[in-house]
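Welcome! Try each task before reading its solution.

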Amino acid sequence: MGNSLSGVPGQDPDVAAFDVLVKRCATMVDSCDSELIAYSDSVNRHGAKQVPEQVAEQMRKCSLKRNVQLAITEQHCGPAQKAFGDCLAKSPNDPIGCKPLIENFLDCAQYALDEHRKQHT
């Protein structure tokens, strides 16, 4: 039977739960994917020196916002992030064993980002 978290039939529940955490990590800060795609398309069409200002400005704004978000998580949650990274480095074949550490990091990062948003909206 499939796991409702992952949608992969027969997937181990621990693996499915870890996958959810990894996806949460990937969506916690702005990705800038659409801005990067638009910028890249514009460079391909017009050349690097001819990118329309609106496209370049959208890329700059998103990159700045993302960099602020990453700095906030590093400032407030750096030790938790390092603990998770160290765990993965020690046990690269058993990331599930690092689950409590990624949960700790993600909870910290989410709290820090939420507090920042409250102060700046």
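## Exercise 1: Around proline 52

Proline 52 is partly exposed, with a relative accessible area of 33%; this label covers values between buried (under 20%) and exposed (over 50%), found with a 1.4 Å probe on protein chains only. Before going on, note that this is a predicted model, where local features need pLDDT of at least 70, side-chain atom pairs count only at pLDDT 80 or more, and totals for chains, interfaces and linings use all residues. Residues are numbered from 1 along each chain as its sequence is written, and side-chain values use heavy atoms, with hydrogens and water left out.

**Task.** Find where proline 52 lies and which residues it is in contact with, leaving aside neighbours within four places in sequence.

**Solution.** 
- Step 1: Proline 52 sits in the loop between helix H2 (33-46) and helix H3 (53-90). Helices here are DSSP runs of H or I with at least four residues, numbered from the N terminus.
- Step 2: Contact means heavy atoms within 4.5 Å. With neighbours up to four places away set aside, proline 52 is in contact with Ser42 and His46.
- Step 3: Turn to serine 42, which is in helix H2. Serine 42 is buried, with a relative accessible area of 3%.
- Step 4: Not counting residues up to four places away in sequence, serine 42 touches Gly47, Val51, Pro52 and Val55.

## Exercise 2: The largest nonpolar core

**Task.** Which residues of the largest nonpolar core touch the most other members?

**Solution.** 
- Step 1: A nonpolar core is a set of buried Ala, Val, Leu, Ile, Met, Phe, Trp, Tyr and Cys residues joined through side-chain atoms within 4.5 Å.
- Step 2: The largest one has 16 residues, and Ile102, Phe105 and Leu106 touch the most other members.
- Step 3: H1, H3 and H4 are the elements that give two or more residues to this core. H4 provides the largest share, 6 residues.
- Step 4: Isoleucine 102 is in contact with Phe18, Leu21 and Phe84, leaving aside its neighbours within four places in sequence.

## Exercise 3: A residue in helix H4

**Task.** Is alanine 109 buried or exposed, and what does it touch beyond four places in sequence?

**Solution.** 
- Step 1: Alanine 109 lies in helix H4.
- Step 2: Alanine 109 counts as buried, at 0% relative accessibility.
- Step 3: Not counting residues up to four places away in sequence, alanine 109 touches Met28, Thr73 and Cys77.
- Step 4: Alanine 109 and glycine 10 are 99 residues apart in sequence and 31 Å apart in space, C-alpha to C-alpha.
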